[in-house]
Amino acid sequence: MSHLVEPHGGEGLKPLLAPETERADEIERAKKLKQVPMSSKEMSDVLMFSMGAYTPLDGFMGRDDWHGVCADMKLKNGLFWPIPITLSADQALADSISDGEEVALYDAESGTVMAIMTVNEKFAMSADDKAFEAQHVYTTTDGEHPGVQKVNEQKDVCLAGPISVIDEGEFPSLFGDLYQRPAEARAAFADKGWSKVAAFQTRNPMHRSHEHLAKIAVEVTDGVYIHQVLGKLKPGDIPAETRTKAIQAMIDNYFVPGTVIQAGYPIEMRYAGPREALFHALIRQNYGCSHLIVGRDHAGVGDYYGPFDAQHIFDKLWDGALETQPLKIDITFYCGKCMGMATAKTCPHDKEHHVSISGTKQREMLSAGVDIPPEFSRPEVVKVLQAYYAGLK
């Protein structure tokens, strides 16, 4: 019998999706409510609420929770939470909503009404508040940082309160079996008899360095959960459909059958580096993963974070904050002298023998039509990616 880590908060999963039998009536009822538009990040948060990935939250945060999360990584009840989950609205719309009123939340891009929310608090989000969030969560107020940019784009008022999700939009049908909810992942792990599961977070196809990280994890756990981002990506990132095929080619050819599960989830990256590494671990705890692989510059962007800041932040947590633990792994590379993948802990040779591997470099090589050496990426993976890039021309 596999014993997986408990969902965050210790009281079971809390998916906020309305029962299927009620959804059609609720969608009709939502048409009569005030309509609140959501950004792509807020829409992605609604999907995360829907599947229980944000257990134990019951909706968007009020001011006390927002402030506690930014300042101390704690909700007002003391529970660990590293990234604020808020919903903003413009002043005029917020002023028209009374305390306790139900409103409909819709995706501004598709127009789909996705949730009904009971607004039990409204609070201002001033320029100073945005700077406070940016500095604490992202460690910078630089507007060029993509996460800070999203904070600055928030409207003037935040609406808080519990939500009930009535429509998941196109995500489940778009991604099929890849779109896996925490309860489904837990059932899959239990089915395999896994209790120690390492999650590998990715928004890129996996090159040899990623493969090495996953294989180290397979050695010390029952299996690896390759869990990819299905939400909005940065321009130039490879779309999920191609990424999935490339990752599957690697799994099929280079992993022992039954040691890996590939899935995806609808989060939108915030690029918050260390704080986001903690957030990814919390979400994976809800999925049943005992470990999160944390390599170089996890969830970072540009030069905002040191290469191992996302590993060090786990050491600053208090006892009981998180059940899911980091698997901290050094920078990996191919060593010509070792004739294989290695890290600074396992390879004694000079850097002249090392092939440094990165997703950015791989994308540049693919864009330029340059041959990618097998030390860098597996030929079966390269074939899938080359076909995608050929289609862009």
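Where in the chain is the place of Asp297? In this predicted model, Asp297 sits in the loop that runs between strand S11 (291–294) and helix H12 (309–312). With 23% relative accessibility, Asp297 counts as partly exposed.

As background, most residues other than glycine have a negative phi, and most peptide bonds are trans. On the peptide side, the bond from Thr55 to Pro56 is cis, with omega near 10 degrees. Pro56 is found in the loop between H2 and strand S2 (59–60).

Turning to the strands, S10 (residues 260–265) has six of its six residues buried, so the rest of the structure largely encloses this strand. Both of its faces are covered: Val260, Gln262 and Gly264 are buried on one side, as are Ile261, Ala263 and Tyr265 on the other. Strand S9 (residues 223–229) runs parallel to S10 and is joined to it by six bridges. Within this pairing, Gln228 stands opposite Gly264 of S10.

An open sheet elsewhere in the model consists of three strands in the order S14-S13-S15, paired in antiparallel fashion. Strands S14 (340–343) and S15 (354–356) stand at the edges with a single partner strand each, so one side of each has no neighbour in the sheet. On average, and with direction ignored, neighbouring strands of this sheet are turned by 45 degrees against each other. S13 (residues 332–335) and S14 run antiparallel and are joined by four bridges; Tyr334 has Met341 in S14 as its bridge partner.

Two helix pairs can be described next. The axes of helix H3 (residues 63–72) and helix H5 (residues 127–138) come within 8 Å and cross at roughly 40 degrees, which makes H3 oblique to H5. Here Arg63, Trp66, His67, Cys70 and Ala71 of H3 meet Asp129, Phe132, Glu133, His136 and Val137 of H5. By class, this contact holds five nonpolar, two polar and three charged residues. In the other pair, helix H8 (residues 182–192) packs with helix H11 (residues 274–287) at an angle of about 65 degrees, their axes being 8 Å apart. Pro182, Ala185, Arg186 and Phe189 on the H8 side meet Gln285, Asn286 and Tyr287 on the H11 side, a contact with four nonpolar, two polar and one charged residues.

Ser40 lies in helix H2 (residues 40–51) and, at 15% relative accessibility, counts as buried. Not counting residues up to four places away in sequence, Ser40 touches Glu109, Lys232 and Glu268. Ser40 and Ile267 are separated by 227 residues in sequence, while their C-alpha atoms are 9.9 Å apart in space. Glu101, for its part, is located in the loop between helix H4 (91–96) and strand S4 (102–107). Its side chain reaches the backbone nitrogen of Ser98 at 2.8 Å. With neighbours within four places in sequence left aside, Glu101 is in contact with Lys34, Ser96, Met117, Thr118 and Val119.

How values were computed: Residues numbered from 1 in each chain as written. Predicted model: local features only at pLDDT ≥ 70, side-chain atom pairs only at ≥ 80, totals over all residues. Heavy atoms only, no water. Pairing = 2+ DSSP bridges. Axes fitted to C-alpha atoms, helices over the stretch in contact; angles between N-to-C directions. Buried < 20%, exposed > 50% of the residue type's maximum accessible area, 1.4 Å probe, protein only. Polar contact = N/O pair within 3.5 Å; in protein donor to acceptor, adjacent residues only side chain to side chain. Contact = heavy atoms within 4.5 Å. Parallel < 35°, antiparallel > 145°, perpendicular 65-115°, else oblique. Nonpolar A, V, L, I, M, F, W, Y, C, P; charged D, E, K, R; others polar.
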